[in-house]
Amino acid sequence: MDFNFEDDTEVCTCWSITLEQLKKDILENNLSSIDEITDFNDAGSLCGLCRSTEEDEDCDRVLHLSEILKVILESKNS
Ligand code: FES
């Protein structure tokens, strides 16, 4: 699975959660929705901008939980 971002890219800046941590949490715990990710590690629970492009209209975040989840779920189903 290729995100075109370094693993140390901070996705949720409110909680300092990196792409690497999110990939690990999603895969190891079979998380399948943004809300499940938020419940598990708090990503997306403060400003909410990291959740999706819909919630980040000015694109303040480079990468969002929705995009990470989509790539991981697609790779699991292929
Ligand atoms: S950047 Fe993730 S909740 Fe604010």
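**Helix 1 against helix 3**

Modeller: Gladly! The axes of helix 1 and helix 3 come within 11 Å and cross at roughly 50°, which means that helix 1 is oblique to helix 3. Their crossing is right-handed. Please keep in mind that this is a predicted model. On the helix 1 side, L19, L22, K23, I26 and L27 take part, and they meet I68, L69 and I72 of helix 3. Sorted by type, the residues of this contact are seven nonpolar, no polar and one charged.

Now for the surroundings. The largest nonpolar core has 12 residues, among them L22, I26, L65 and I68. At least two of its residues come from each of strand 1 (10-12), helix 1 (19-29), helix 2 (34-41) and helix 3 (65-76). In soluble globular proteins, nonpolar side chains tend to be buried together.

Finally, follow the chain into the loop between helix 1 and helix 2, where N30 sits. The phi of N30 is near 50°, a positive value in a residue other than glycine. N30 is exposed, because it has 8 other C-beta atoms within 10 Å and 12 or fewer count as exposed. In the loop between helix 2 and helix 3 you will find D42, with a positive phi near 75°. D42 has 13 C-beta neighbours inside 10 Å, so D42 counts as partly exposed.

Methods
Residues are numbered from 1 along each chain as its sequence is written. This is a predicted model: local features need pLDDT of at least 70, side-chain atom pairs count only at pLDDT 80 or more; totals for chains, interfaces and linings use all residues. A nonpolar core is a set of buried Ala, Val, Leu, Ile, Met, Phe, Trp, Tyr and Cys residues joined through C-beta atoms within 7 Å. A residue is buried if 20 or more other C-beta atoms lie within 10 Å of its own, exposed if 12 or fewer, and partly exposed in between; C-beta atoms are placed from the backbone. Helices (H or I, at least four residues) and strands (E, at least two) are DSSP runs, numbered from the N terminus. Axes are lines fitted to C-alpha atoms, for helices over the stretch in contact, and angles run from 0 to 180 degrees between N-to-C directions. Angles under 35 degrees count as roughly parallel, over 145 as roughly antiparallel, 65 to 115 as roughly perpendicular and the rest as oblique. A crossing is left-handed if the near helix is turned anticlockwise from the far one by less than a right angle, and right-handed if clockwise. Two residues are in contact if their C-beta atoms, placed from the backbone, lie within 7 Å. Ala, Val, Leu, Ile, Met, Phe, Trp, Tyr, Cys and Pro count as nonpolar, Asp, Glu, Lys and Arg as charged, and the others, Gly among them, as polar.
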